[in-house]
Number of protein chains: 2
Amino acid sequence: MELKDAFSRVNAVSTDPDDLHTHGFSSNIYHPGALHSVIVYPESTEDVVKVVKIATKYRMPVVPYSGATSLEGHFRGHEVGGICVDLNRMDKIIQINEKDSDMVCQPAVRWMDINELLRDKGIPLFFPIDPGPGATIGGMLSTGCSGTNAVRYGTAKGEWFLNATVVLPSGEVIKTRRRSRKSAAGFDLTKLFIGAEGTLGIVTEVTIRLAPLLPTNVAVVHFLDVRAATEASIEIINQGAGIQCVELIDALSMKATNNYGKSKRKWQEKDSLFFKFQGPTDASLKETAQMVKKISEKHGSTGFALAKNQKEAEEIWTDRKNLYYSGLSLIPGSKGITTDVCVPISKLPDLIHETRKDLDSVGLVSPIIGHVGDGNFHALLLFKNDEEFKLAKEAVGRISRRAIELEGTCTGEHGVGIGKKEYLVEELGEGTVELMKTIKKAVDPLGLFNPGKLYPDRTRQEK
Amino acid sequence: MELKDAFSRVNAVSTDPDDLHTHGFSSNIYHPGALHSVIVYPESTEDVVKVVKIATKYRMPVVPYSGATSLEGHFRGHEVGGICVDLNRMDKIIQINEKDSDMVCQPAVRWMDINELLRDKGIPLFFPIDPGPGATIGGMLSTGCSGTNAVRYGTAKGEWFLNATVVLPSGEVIKTRRRSRKSAAGFDLTKLFIGAEGTLGIVTEVTIRLAPLLPTNVAVVHFLDVRAATEASIEIINQGAGIQCVELIDALSMKATNNYGKSKRKWQEKDSLFFKFQGPTDASLKETAQMVKKISEKHGSTGFALAKNQKEAEEIWTDRKNLYYSGLSLIPGSKGITTDVCVPISKLPDLIHETRKDLDSVGLVSPIIGHVGDGNFHALLLFKNDEEFKLAKEAVGRISRRAIELEGTCTGEHGVGIGKKEYLVEELGEGTVELMKTIKKAVDPLGLFNPGKLYPDRTRQEK
């Protein structure tokens, strides 16, 4: 086969059944799909160009793959087969420009590794976009992701990706922009690829912007209900307090944390806020803590707990990080579907209230955690059997539609992939989705790049 | 004419020569261009659709117009004539969502009016993108602009425009996204129109995000040279100090401020930094001031001057705001061309040094001010006659090319328009510019939307 000829290196091309299975499925994806025909492991932009040219010649689908942490089926194979481009050998950091607060790297570098490396080198900078552990820069760009730091730093759709080198479906290599922090030189092609989920090209190099690494501290405070917690969050943020994260952890999640047995604490099982403060000095961190305590109390909070030192801060934040696994522990042996709708913040209490009622009424156990500063929340819908799985899938549909009704989105963080395609026209309108397809057709006329993802199969279906 | 029939309102369509002149030229634009054939004043999205349909029928260029503050010829007429769509009657604020920190408005609303209105209503929020006075939301979106606040809040290419309602060249009306603060629902169509300079559609409604309005203070400090000032800026920002603006004002600009006669102060005529601090409390502002003073001194600064009260702060910042006019006053009766190149910050001192040498060697008087936190600066190239104008235009070319060589851009803020078209291929490469053109062709197949702007006429000219 031409791929093997083109890549004479050992292990550059694989059709091993185990490999094909790993690259086509994932333990937390519940979407239809198939196996890829072959996996290729490029080591350079030039290698990716070779793959794209062969794929074009044989009209084979091309699916990029790196961290494999996405949740909506982004890297599933296409039913006609195709080439999975596993970028994991392109995981080098090419340049760290400390004075410019930026870094040039390959797509398979993991954000957690970047931050660890900077810490080890004593460079007081970090990359603040923090989706799930294991996510890579290329995948993060392509999904338009975000995380707990978004309330302070925004998302992948902001200004953290300065430029991208992309292999287009034509095989041409472009660089979207230069390295300066700002540019008004024409429309923003970097942004074209952010959230395009590999459907417009394969990203092979990225310049990311880094933020100053500041001292932080952590606090937890409990509320009577989600509304009170949300109102407190809004007021705290609008006072300009130095908030890096503000996470809503609902009463059921607090219970799960206690049950899970890994916490150093016994938490009040109430709707709570987990705060990470940041500031240049101890004095500023203390000031923020006082401000948060005072405003929370105004909204009827109880039990404000401020970490006394770095160790306590890490312990508390670990409880936040463990929520996926502590949530699963509510029903031993269960699996979970994670939703990620997002609405204007003022509508978040209603949405969570309605969602909680809905999930209770169908008997689904579902802890809820929210990036409350952004109006975004995750419900972890637990299931143990096919019947419960069906209930959970249906509930995802209702949650998505409810968010859309409240001027929100079916996906605040995870992207469309296969799982959210059906909501896109409802959310954005036919014309908007058609415009996406127009651009897709112009850039990828053969439709070979990650086919079957992102774009609904039929847009104008009601007509 | 069909336009007059379609718009039976009084004064909705104008071919008055004075009107045509106002809409086709501007006192601070020095680019080729022509008059529009006719000016239309739509009052709604539906009106814009009507205009677009008529323009399509008669194959007439369509040029959107609102604040008319752009500097690169964005709203000049096309040589074959065409319709200028003056959006200034679409200047309503439709919705203020205080809890969500956002606002829905029409395109001709001015950012300064938004901030004044919020202040008058006692709503402690503001829109932080601050280009020249008079700029409108629609124009700011379309130019991908920024301003002095970018060091803290980023640019129009960040996450301040939540969605846009756009009339496409097809006449179809789309809304790019819903109102939630985050969305990962497909690629980011809002961003497609940011910086597209009216070439892909006409923006008729926008949702903008607002930021908490925080207490500020102002300080000025002087340095031995631009390098010392830049190094101090980098260190101050990386310490996480609460900096809203940090503006480099060079020695010549300081002299111009003294000469201009409107300042309350007699400034040291040295390369200086003007800071605007922000913080939730007086204590945090004081802390920032101390931090700035200390780090500046480490870099050899002199004469740290902190405003003692709000009145002094306003006086000092007015000196910063007056720099365009104080700069012009260096040569009475002169005009000026303003450049806006941007490079990675570490390269800013070299770029400014080379630029100063270059301008001195050809005898151009040119005060320089920089958004130093972003690596962006403006040189105001003064001229009084055709000969000096020619020298200034040539210098603009050299400055642009020098910035591109240093991994930067020919335009950090003002956009491409007519004035920067010739540098785009050099800056971005042929393939990147071709991709812009591919998208342009897909969205506007007849090429009627603001033709002759942004896209270089020939991309692959060397071949």
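B:Lys182 and A:Asp374 join their side chains in a salt bridge, N to O at 3.7 Å. The term covers a side-chain nitrogen of Lys or Arg within 4 Å of a carboxyl oxygen of Asp or Glu. Across the interface of chain B and chain A, the rule finds 8 salt bridges.

This is a predicted model, where local features need pLDDT of at least 70, side-chain atom pairs count only at pLDDT 80 or more, and totals for chains, interfaces and linings use all residues. Residues are numbered from 1 along each chain as its sequence is written, chains are lettered from A and ligands numbered from 1 in the order in which they are written, and side-chain values use heavy atoms, without hydrogens and water.

Now the interface as a whole. Chain B gives 91 residues to the contact, and chain A gives 91 residues. Contact means heavy atoms within 4.5 Å. About 7,100 Å² is buried between the two chains, with 57% from carbon and sulfur atoms. Buried area is the accessible area (1.4 Å probe) that two parts lose on being put together, summed over both. In chain B, the most area is lost to chain A by B:Arg178, B:Lys182 and B:Phe187, together 13% of what that side buries.

The largest nonpolar core has 96 residues, and A:Phe127 and B:Phe127 touch the most other members. Such a core is a set of buried Ala, Val, Leu, Ile, Met, Phe, Trp, Tyr and Cys residues joined through side-chain atoms within 4.5 Å; buried means under 20% relative accessible area (1.4 Å probe, protein chains only). A second, separate core of 45 residues includes B:Ile295 and B:Cys410.

How values were computed:
Buried means under 20% relative accessible area, exposed over 50%, partly exposed in between (1.4 Å probe, protein chains only).
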